Amino acid sequence: MLLLLLFLLLPQAISETSDEVCEATTDRYSHDYLKPGDHVIGAVLSVQIVTDLQVSFRPPNPGLYRVRSEIKNYQHALALLFAVEEINRDPSLMPNVTLGFHIYDNAFQARLSCDVLLSLLTMEKDSFPNFNCGKEPSTSVVIGGLNSEASIQTATMLDLYKIPQLHPFLRKVHFNNNAGHEIFFNENMEFNSGYDILNLVAFPNKSFGQLRVGKIDSQASLNQSFTMKGDAIIWPDKFNKKLPHSACCERCRPGYHRKARGGEPSCCYDCLQCPEGTVSNYTELVLREFKEAGDYVIGGIFSLHSISFDSQPFRKSPVEFELSMMRILPKNFQHVMALQFAVTEINNNPEILPNVTLGFRITNNSYMKRITYFSTLQLLATGAIIKTNYNCDTDKRKLLALVGGVDTETSIHISNLVSIYKVPQLSYGSFDPGLSGKSQFPFFYGMVSSEASQYQGIVHLLQHFTWKWIGLIAPDDDNGERFVQTLMALLTEHDLCVAFTERTMTTISDIQENIWKQIETLNSTFYKSEANVVVVYGDSRVLMALTVWMDISHKAGQMALIGKVWIMTVQWDFTAVDSQGLWFLRPFHGALSFTSHTKDVPGFRDFLRTLNPGHTNGFMWEFYRKVFQCRTYYSDVSDLDNERKCRGEKLLELLPGAVFELSMSGQSYSTYNAIQVVARALAKMYSSSARYRKVRKRERLDLQEVQPWQLHHVLRTIRFNNSAGDEVYFNENQESATGYDLVNCIVFPNGSFTQVKIGKIDPQAPAGQDLLTEDDAITWNSWFQQTVPISVCSDSCHTGYSRRVREGDPICCYDCAPCPEGTISNQTDGDHCNKCPDDQYSNQGRDQCFPKVIHFLSYKEPLGIVSASSSLSFSLITALVLTIFVKHQDTPVVKANNRDVTYVLLLSLLLCFLCSLLFIGQPSKVTCLLRQTTFGLIFSVAVSSVLAKTVTVVAAFKATQPGSKMRKWLRKRVANSIILACSLVQLGICAVWLWTNPPFPDIDLHSQSGEIVLQCDEGSVTMFYCVLGYMGLLAIVSFVVAFLARNLPDSFNEAKFITFSMLVFCSVWVCFVPTYLSTKGKYMVAVEIFSILVSGAGLLGCIFSPKCYILILRPNLNLKGQIIRK
């Protein structure tokens, strides 16, 4: 409508000025549009199309031709009008001078082109060459020539008048227009704007659009003059969205050369194998790159896709294989954004690298080994064709460093090539500790701590929550095998057990064929196992079978997934595939995941918000196309839905967390730090004055070019704080010491997803403090009702019990056995019972040790009091008997029984009762020496006295017979000799005992629970029993002699009483031996005291009670006549 209105008004404007030009005398077809000015710009445009025009030299008859308009070409006239108006309004360009224009339409006809040019030259509707009939200024410049024919005709006529008149100035003009494009003419007076390549798209609603998918830049180098965004092209439907193939023959792979077919074009050839001794490593294939020029170029190899090739090994070049499946990993695209952001930040900061800019070249290896090698070779090469060790493009900078290696396998493949050229490789992903070996990988730098720290962190996390029954899931590849073997060794070392180990298929073709078999295996394993904690190694790319099974199980409501705590390694990124939903994340609610350490970098979120499909590279365009279903690079297509999706900024904020996050991920943070490390190392090298040299022809300093191998000594010592405030440096193994973050995965009921940092692994911390967690901040799976989950094979053994491993089962499967007496277990799940110290004992619960009570026969306890009282009582009785005997010493009863021996017997009994007091009280060295020896010696005297009395009685009766020789045995010295001789033998035994191995004080810590028995050790048990044995021998001899004399005639036969006394004495000491041996502690002492008192009381009572009865109660019997009776 705007165009129609414009052209309706233009004729009216022209008619108003018609009086100022020469009158027209001839009707013409062409329309002219005039605006006066100080200088008039002529224009010959092609707006309308004239058909059926008669070919003659007469003026055209309007009734004899047809006219139709080319609507889009009206924009050419509008552009001229806009430019003139813009210039006239800008006083800085042409002050006090205005431009006008005079526009003619040649209708795509050569005849009309000549006609309108004559009108422009004469300023008349009727052409009068070399005459200016009007008052308007003559034409200064003519714009025209939509095609070659019109341009030639226009130039032929204008050359006669040397129009334009600004030739010397036009050849030197050089400026930037309002759109930012540089405007100038080359030596051929051509404007080198190049050409855009458009893709024509017809939409179902019959609308039409043109997509800009490439460009031809005539000013660029030979290898960069043609750029194409292949992913943006929409091919015809019959090609099924794949790149059409149009070739006479297949390409010849390396090792083969082309041989032209006779009589056919050069594109038709055969591939012949190179003869022996020759090679052909030429390939026309080049991987797509995202690049930015700079003084120094940093390479990047990222894994943005997960792809699978058809199985055709070594038959085609790596990038020629047909894809069987390709999926983008949206979160991985942030790694590219982080690199671009870091380079932009450094280039905009003049304090880091003044007068030096960094560039980059980024390729995508799609997790494929062969493409990784191909990408590395392409980055190492400088030309479009991979020719190693040759610089085929002098305009392209050499690679200064390479950032790449999201996993161990990729890092090794890259290192195998870049180490040949000593190019620093900075890996932004986790890596195996084997890469820390500097003899094999001297130029490898890890921006993340090695997986050894992660393994230790997993073990410490399991120990922290006392999870001992663990399931493992890992991919069925070399990385998975290495993880399982390494972790199982650590788990065994820390008494943790693996309930099951499942390997998932990683090859997509295998998964497609065996997915249901894999699902059945996982179902069976999870239903049978009681393990509530599962450690998963790998990412969503290689664990696709696991995610599919989880989706199916979750939707079916199966219990196998409920009540599980998932522990994910740093490789798992909780990423969705393409723009799919969070279907496989719901079961991971409450999971714990290790991630590379990260921190918010100032400006990164704002950088992401500025990105949109219209200002992105080919990689990022693919990201937008997959995630937002964008169809075009630009928003000028008449597809309103697509325009709303893909126009403007802040699109990334609309994505769910599983697809893309604005916060910088751990791997992106490592990528950012890698670029910073290279830049700081380069700046450190340039900070030395030795890096500058004087250029003779110029008064300035020029920087020498730094070679990649020169960076290594700087990289090994680099140390700085990045913009996030973290200190960045490498340890002795050339790996970062940042450690890992521990995050809690939370999936909300509405499907949104977030990760909360709840801990950290710090490899630089002291042992036992490397894992820091905030337990209160963890959100567990709802099945556990916000309590710490339990994952054990057997219930915990309480205190007082120890674990006893079941035969044939892992160490985590055990029974609980109570601790024996004297041992305790004061911790849950104790491996063994700990013995209490000797001076302590275990309580009834066997979980504590208490100090033992010192135990001995004390005067303060009842048993000691009774023993002491009995001893004193018997001593007093004996003393009383002795007093009675002394008082009645001249009576027949006393005299008849050998008064002196009686006194010795009473005194020995008195001492026997008193010697029992040596056994009461705390043992000392003196009491221990005197106890047994005194007891043995005194009792031997007593028994010897009894024996002497018995011999005296027998001798007395025998001596009464006529002619008896027994009278000599009635002498006092005989009895005294018996007592003395028998006592000396016992004295000798005691002397030998004391000399060889005397008794000593001893502490018995074990005989009685909870008590420390203070006792006397006999020293020599043999000597102790020799003393008892000798004393028993004397008692037996006395008993036998007395027993034989029991029937001697007498009214008072003392032998009977001695027999009873010896019977009591022997009975007591015979019973003493087993009783003494069967008792412990103070009760052993009490038994001996009891035996002493009873045996002494037996002697005292049996021998002296009848006599005391006569002396006190029946003195009438104390007569000689009463004693000597037949």
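Mentor: Start with one residue pair. D1004 has V1013 in β42 as its bridge partner. Keep in mind that this is a predicted model. The two strands involved are β41, residues 1000-1004, and β42, residues 1011-1017. They pair in the antiparallel sense, over 5 bridges. Together β41 and β42 form a hairpin, with 6 residues between them. Look in the turn for G1010, which has a positive phi of about 80°.

Now take that way of reading to other strands. Strands of a sheet pair through backbone hydrogen bonds, either parallel or antiparallel. Strand β10, residues 208-216, is joined to β11 by 3 bridges. There, G214 has M228 in β11 as its bridge partner.

Another open sheet has 8 strands. Read the order as β23-β22-β24-β25-β26-β31-β32-β33. Its pairing is mixed. The edge strands are β23 (497-504) and β33, each with a single partner strand, so one side of each has no neighbour in the sheet. From one strand to the next, the twist averages 30°. At one end of the order, β22 and β23 pair in the parallel sense over 7 bridges. W469 stands opposite C497 in β23.

Next, the rings. The model holds 27 aromatic pairs. One of them is F465 with W780, an edge-to-face pair at 5.4 Å centre to centre, with 85° between the planes. F465 lies in the loop between α9 (451-464) and β22 (469-475), and W780 in the loop between β33 (771-773) and β34 (801-805), so the pair ties together parts that are 315 residues apart in sequence. Both F465 and W780 are buried.

Compare F874 and F913. This aromatic pair is stacked, at 5.1 Å centre to centre and 20° between the planes. F874 is in helix α18 (residues 862-887) and F913 in helix α20 (residues 899-915). The two are 39 residues apart, and the pair links distant parts of the chain. F874 is partly exposed, with a relative accessible area of 25%. F913 is buried, with a relative accessible area of 0%.

Rings also gather in a group. F935, F939, W993, F1024, Y1025, F1065, W1069, F1072 and Y1076 form one aromatic cluster.

The charged end of R719 sits over the ring of Y729, 3.8 Å from its centre. R803 lies over the face of Y814, at 5.0 Å from the ring centre.

Finish with a helix. α7 covers residues 369-380, which makes 12 residues. From its first C-alpha to its last, α7 reaches 17 Å, close to the 16 Å expected at 1.5 Å a residue. Buried residues in α7 include I371, T372, F374 and S375. T376, Q378, L379 and L380 are buried in α7 too.

How values were computed. Residues are numbered from 1 along each chain as its sequence is written. This is a predicted model: local features need pLDDT of at least 70, side-chain atom pairs count only at pLDDT 80 or more; totals for chains, interfaces and linings use all residues. Side-chain values use heavy atoms; hydrogens and water are left out. Rings of Phe, Tyr and Trp (its six-membered ring) pair if their centres lie within 6.5 Å; planes under 30 degrees apart count as stacked, over 60 as edge-to-face and the rest as tilted. Helices (H or I, at least four residues) and strands (E, at least two) are DSSP runs, numbered from the N terminus. Buried means under 20% relative accessible area, exposed over 50%, partly exposed in between (1.4 Å probe, protein chains only). A charge sits over a ring if NZ of Lys or CZ of Arg is within 6 Å of the ring centre and within 35 degrees of the ring normal. The expected span of a helix is 1.5 Å times one less than its number of residues. Two strands pair if DSSP finds at least two bridges between them. Axes are lines fitted to C-alpha atoms, for helices over the stretch in contact, and angles run from 0 to 180 degrees between N-to-C directions.
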